[in-house]
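Here are some questions and answers on one protein chain. Look at the sequence and the 3D structure before reading on.

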Amino acid sequence: MLHELLLALIGFTGDLIVDEREQRKTLGLAFHPDSPLSDECTFKLAPDISFIEPSERDLIERLLKLGFYYRELDRFTQKSRNLSWIRSVTSAHPLERADELSNQSREKKPSVYRRAIANGIGEILSVYRSAVLQIEQKLLAETTPILATVTQGLNKFFVLFPPLYEVVLEIERDDIRGGQLLNVLSKRCHCGVPELRTCLQRLLWHGHQVMYNQLAAWMVYGILQDPHGEFFIKRQEDGDLDHRSSQEEISEKLARTSVHERSLTDWHSGFHISLDMLPDYIPMRLGESILFAGKAIRVLRNPSPAFQFQKDKDFQQTMRGSQRIRGFMHSDFPEKETELDADLRGEELLPQSEADKIEVMLKDLKESSEFHKRSFECTVDSVRAIAASHLWQLVVVRADLNGHLKALKDYFLLEKGDFFQCFLEESRQLMRFPPRQSTGEADLMVPFQLAATKTIGEEDKYFSRVSLRLPSFGVTVRSSQADLARSRASFAGKANLTSDTSVDGWDAIALEYSVDWPMQLFFTQEVFSKYLKVFQYLIRLKRTQMELEKSWASVMHQDHMDFAQNRKHATNGSVSQQRRQGIRPMWRVRENMAFLIRNLQFYIQVDVIESQWKVLQAHIHDSQDFTELVGFHQEYLSALISQSFLDIGSVPRILDSIMKLCLQFCWNIENQESNPNTTELESIAEEFNKKSNSLYTILRSSKLAGSQRAPFLRRFLLRLNFNSFYEATARVVLNVVRQRPALPL
């Protein structure tokens, strides 16, 4: 009987000890072998046994629970460690392989983490079997075997098996896998029983081995080794599709796209963090660091072929130049050049020594018996720093980030003022008429190329990346003069400076800047949209300022011609003098317009762009981290938009109105030089006074005084109101009597 009890303790029942589940199956009652485990122990003594005392029966049934737990845990380990589906899939015919995969998807997916936990449970069950074997040896050695020997030898497993069985029940019932499985074990490790805590920590160690292997593949080689979707880093394409379909779609997409396109897609939107699989004891910050490090390693290990070719070409040109100089000294130099070229092509953006360093750090974590959060954080931060540093080296040094930033400043922020002045002058007559929908962009390319020929030197290697665009957004393109005159009293706009708030069709002028790999990692479409927003704002200011200057020059030229003609014909010029006297108040209005536009231009170009550019350059000089650079550049663009008032809805609308009125004024003056319509000019002047004083009133408000733009805003207000003119006129025009502004000027 004791031997049958020992067999039952390792999961084998017989006549004395029966399994009620097997009996139900034999009798044909409802039973599903793959159904979730039951919490009820099904190992019982046979009901027809009557020679056992009740106390002994209770003790035996208590021991039989260990046998039941052992059998269920052993079934779980065998089921989780079953690798037969791999052999069947790899050796089967392609059609049979597809059927096998579909069967696997209909059933429960395999789990690497469950297999690891099953290995840990297998270790515990092995210790248990050894304990049963020792008990058997003791029973055989004793002259009078007693049941207490069995109880004493297995006493510690009464503490271990029930909680382990509860864990297995929870895993099977809720289909827990991946990081969720680590969460379950981590929470259960917080218990007051030392033996149980040690056991659960061992299971958690086995689960962490899988996680560390996945981390090593991701952070050392940039490979997402996750066949069953259990890692907390996932491909964006996976979505809610099943594993088979997602893998097939990914393979098809990878076959259709180039290495270059794939690299950019992977960097910007290829991977994401699955919060469901991220263990609770790993903060989101560390998850993002792991995600960044893996993506950076992928970029460094898979450079664009075009980038490699360009670097090899530049290096070969340098070597050939050196060969021509020293050729007469070293006849065997061509062989050395070939060796150098081969070394250059074999050079890695991520040195092998750095990859080995990362691998050693992860190996140290893997060999630790317990998970130490502090050590894990330090390792992840170190790996992230290595990846960010080499990515910084690639983008800043090899790809010349500063040169591209300077080019964007030259063209999108109008740093090359001579070029844009020449462009606007060459296209001035063209812009007097509305752009043609079909050839507007081609018409504008003529003055653009002409201005480039006059002002851009051959040493500017970045100008070839700049292209001019005149996009059509489906709006009605209005005439630059006639429609403005008819609509001078109306204004409709939005907060951003796009073509739907434009004065005329030419306000949709846009620049495009082409960048090669790896600069697309830094310059995203969002970044270029911000640059374009500032550019369209500045080019309108530049055009308005030029029209104000041209109108003054045109009228002065006409006035000088009238004076010379009167002097030549010896006339008194009373008519000319009278016309000059009548239009003189309008020149004060023009000067007020030019004063406002000039100061706004100077403020944006000097106080905003130049000061923020120096801050950005200081950050680039001091930083060695790619992500820091991205953050500094975003702060730079945000400061440009904020301090240029483009993020305050009312200010861009008023500035649109002011620039619109300025252009109306200039075109009216030039078109009616002989007989100006003073009534219309007075109406424009009155509207300008209202808008300009509204602008001043908004900018001096207490709400803006406390914002981050306050120090820069003070400079602009000081220039506008240096003699208190704007403050006085604002009170009169707007009929608002207020105290002096709280904002110190």
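Q: At roughly what angle do the axes of helix 9 and helix 10 cross, and what does that make helix 9 relative to helix 10?
A: In this predicted model, the axes of helix 9 (residues 178-188) and helix 10 come within 9 Å and cross at roughly 150 degrees. Angles over 145 degrees count as roughly antiparallel. Helix 9 is therefore, relative to helix 10, roughly antiparallel.

Q: Is the crossing of helix 9 and helix 10 left-handed or right-handed, and which residues of helix 10 make the contact?
A: Helix 9 passes helix 10 in a left-handed crossing. From helix 9, the contact uses Leu182, Leu185, Ser186 and Arg188. These residues and their partners divide into six nonpolar, three polar and one charged. The partners on helix 10 are Leu200, Leu203, Leu204, Gly207, His208 and Met211.

Q: How does helix 8 lie relative to helix 10: oblique or roughly parallel?
A: Helix 8 (residues 157-174) packs against helix 10 (residues 194-220) with the axes 9 Å apart, at an angle of about 45 degrees. Angles under 35 degrees count as roughly parallel, and 65 to 115 as roughly perpendicular. An angle of about 45 degrees therefore makes helix 8, relative to helix 10, oblique.

Q: How many charged residues are in the contact of helix 8 with helix 10?
A: This crossing is right-handed. Helix 8 brings Val159, Leu160, Pro163 and Leu164, and helix 10 brings Glu195, Leu196, Cys199, Leu200 and Leu203. By class, the contact has eight nonpolar residues and no polar ones, and the number of charged residues is one.

Q: Is Glu170 buried or exposed?
A: Glu170 lies in helix 8. Leaving aside neighbours within four places in sequence, Glu170 is in contact with Asp175, Ile176, Val184 and Arg188. The relative accessible area of Glu170 is 19%, and buried means under 20%. Glu170 is therefore buried.

Q: What distance separates the C-alpha atoms of Glu166 and Tyr69?
A: Glu166 is also placed in helix 8, and with a relative accessible area of 42% it is partly exposed. Glu166 and Tyr69 are 97 residues apart along the chain.

Q: What is the phi of Asp175, and where is Asp175 found?
A: Asp175 is not a glycine, yet its phi is positive, at about 50 degrees. Its relative accessible area is 32%, so Asp175 is partly exposed. Asp175 is found in the loop between helix 8 and helix 9.

Q: What is the relative accessible area of Phe645?
A: Phe645 is found in the loop between helix 24 (626-643) and helix 25 (650-671). Its phi is near 70 degrees, a positive value in a residue other than glycine. Phe645 is buried, and its relative accessible area is 1%.

Q: Is the peptide bond from Trp517 to Pro518 cis or trans?
A: Pro518 lies in the loop between strand 6 (510-513) and helix 22 (525-568). Omega of the bond from Trp517 to Pro518 is near 5 degrees, and the bond is cis.

Key
Residues are numbered from 1 along each chain as its sequence is written. This is a predicted model: local features need pLDDT of at least 70, side-chain atom pairs count only at pLDDT 80 or more; totals for chains, interfaces and linings use all residues. Side-chain values use heavy atoms; hydrogens and water are left out. Axes are lines fitted to C-alpha atoms, for helices over the stretch in contact, and angles run from 0 to 180 degrees between N-to-C directions. Helices (H or I, at least four residues) and strands (E, at least two) are DSSP runs, numbered from the N terminus. A crossing is left-handed if the near helix is turned anticlockwise from the far one by less than a right angle, and right-handed if clockwise. Contact means heavy atoms within 4.5 Å. Ala, Val, Leu, Ile, Met, Phe, Trp, Tyr, Cys and Pro count as nonpolar, Asp, Glu, Lys and Arg as charged, and the others, Gly among them, as polar. Buried means under 20% relative accessible area, exposed over 50%, partly exposed in between (1.4 Å probe, protein chains only).
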